[in-house]
Amino acid sequence: MGREDSHYRPEAGTGRGTGRPAPGGAAGRFRVPDAHPPRTPAAAGDPGHGYGSPPDRSAAHRDAPPPWRPPTAAGHAAPPGNGGHPGFGPGHGSAPGHGGHPGFGPGSGGEPGFGPGAGGHPGYGPGAGGHPGYGPGPGGPGVPGHGGPAPAGQAPRPEATDLWAAAAARPAGGPPDLGAPPPAAPPEPGPRRRRVLPIALAAALVLVLALVGVAVVRPGPVADWLGDEPADRKTAQAAEPAPVAVLAGADPNAPRPTPEGVRAALEPLLGQEILGSRVNISVVDVDTGDPLYTRGGDDPTVPASVTKLVTAVTVLAARGPTYRIPTRAVAGASPGEVVIVGGGDPTLAVDKQGFYPGAARLDDLAAQVRKALGGTKPTKVTVDGSLYSGPVHEPGWDPDIPTGGYGSAITALMTDAARTDVPRAKRDDANGNHAAQRAREPDLAAGRSFARLLGVPTDAVKRGKAPAAADATGGAPGPGAELGKVESLPLNRMVDVMISDSDNIVAEALARQVALARNQPASFEGGAAAMDAVVAELGLPADEIDLADASGLSRDNRISPSLLTDLIVLAGNGSRPELAVMFGGLPVAGWSGTLADRYDTAAKAGAGVVRAKTGTLTGVHALAGVVTTADGRLLSFAVLTDRVPPVDSDLPRRALDRVVAALAACGCR
């Protein structure tokens, strides 16, 4: 959901929370060795006041942007190819026609976030309709294959060294044998001081694959999740042929930008009146961790949906990318009573027509229940949503959030993120409109769907709690005995969904998983406190974040730009390989997710080379992610402005895009 809400309450003060500990209890900066060198002082931003602006417009289809190309001294040149990751290095997408992850490596029937599965996703890898920002396989729109020409006026360069050969050497039939010798190392480029980011990411994610070996048949995220599931959901996928190396990564020998060069590129654009009186920004070299530019970088600012980057990193750290959320059914206190126990899976579907393909399904759970009960006929359904506590709407949300289509009541049991008309929601989503009608009481709506599957009248559905498990008597399941269980998509897929389409309900559910993992209440407050705590555990500056929710719908959230750039560097430097999953869902400028309709005209230099999370509330605009410069250097950036005047919201978004495109267009030396 790329659009958050439609109201803005002006705030005259600076971001609250500056210089004091957040709920995580950690004060000051906690550095990751070698990843967070001392920052240069930030220039103070202008104080000012903000007003409201209209809501964002829905995404429109665009022609494919120019494919990302490895750098030369003259800019972005060839070589072209299939399925690469535009910001992080040569991805190993799947064989043509199968949807691999363009930046992280292959795997037969693999996890979208790790490798290919049947049915390529246009934002993830090759195959029919592949992603031109990564490079599609046969059938992809407008991207040359291997050996294609360089852009007009530029000399072609030889194929870049494959830095991802280790990932490509992984057997096509699944994860590598842990006892097998490692694949031969790829040839190293010239001497350099540090390991380059693509190598660290490749090694980290191959390790995750080896240790976990998850196989899910369909890739995400939502943008291509509109078809029916295969007839046999449990049929193993045929072995994939070994993938080939594709686009080259950031040039490890690229000249480093200088702070003076970055300042010269950015400062003329930061004073655009359309951005309002407070524009806070941080730019960091991903390979070295060196700060290159900051202006209000340490000042907590309203982040809007950029908050989801913190949600992603904290849930991946707390639960791990392969964790699955259970939904259970147990025997009730009386014969025939079935209690469905919500575990917090927002993607749970009623049947195979659900909004999120591959999701756990109530019809599967109902079949297990009927088998477990034998001849006992179900007579009533009790909905146990007691896992969650506190209000179902965050108090800081604007009044239209619960009914505006982008938010809903947050309950431990729901189906299809509380959507009430899934076929229509699929059609609207395919047309770029991510709003949907939501159930006022998602838990009871899911309970009634479950009752219908069991043949129980819907008026026999009520809220309650599951009884404690007791010994079975007479061979029948006793009260509290488990009758069935289904499990969600793995968290790495939920993270992809949340980031690529800015799914607010998924974000709030993931925050509650962080809370449960840190023994906090599964509530808005508990999730925020747990996320703060994990931020501190990761060595990030906990005094620069103060959260009220995990989706960014609340105007009470505050995050500094420098925390966001630190977080992106940490996720990419290989020290915490599970965090690199975050990059899989980042929208690509000019093509996918919430950046699909951006980076044209004056910001065209960023198309295909900017990958970022957007944030939009009325009067608030934010962008944070990575960009490859004209010289091939990978930079992390975060630009947040929360005092935008009342204008057409396209104007400040385009102004932000021009800021980041300036980094893409320059060597900044």
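How are H9 and H10 oriented to each other?

Analyst: This is a predicted model, in which local features need pLDDT of at least 70 and side-chain atom pairs count only at pLDDT 80 or more, while totals for chains, interfaces and linings use all residues. Residues are numbered from 1 along each chain as its sequence is written, and side-chain values use heavy atoms, with hydrogens and water left out.

Helices (H or I, at least four residues) and strands (E, at least two) are DSSP runs, numbered from the N terminus. The axes of helix H9 (residues 504-517) and helix H10 (residues 524-537) come within 8 Å and cross at roughly 65°, where axes are lines fitted to C-alpha atoms, for helices over the stretch in contact, and angles run from 0 to 180 degrees between N-to-C directions. H9 and H10 are therefore roughly perpendicular to each other, since angles under 35 degrees count as roughly parallel, over 145 as roughly antiparallel, 65 to 115 as roughly perpendicular and the rest as oblique.

The crossing of H9 and H10 is left-handed, a word used if the near helix is turned anticlockwise from the far one by less than a right angle, with right-handed used if clockwise. On the H9 side, Glu508, Ala511, Arg512, Val514 and Ala515 meet Phe524, Gly526, Gly527, Ala530, Met531 and Val534 of H10, contact meaning heavy atoms within 4.5 Å. The residues of this contact of H9 with H10 divide into seven nonpolar, two polar and two charged; here Ala, Val, Leu, Ile, Met, Phe, Trp, Tyr, Cys and Pro count as nonpolar, Asp, Glu, Lys and Arg as charged, and the others, Gly among them, as polar.

H9 also takes part in covering helix H8 (residues 491-500). Ten of the ten residues of H8 are buried, so H8 is largely enclosed by the rest of the structure; buried means under 20% relative accessible area, exposed over 50%, and partly exposed in between (1.4 Å probe, protein chains only). Among the buried residues of H8 are Leu491, Arg493, Asp496 and Ile499. The cover over the buried residues of H8 includes, besides H9, helix H4 (307-319) and strand E14 (610-617). After H8 comes Ser502, whose phi is positive, near 55°.
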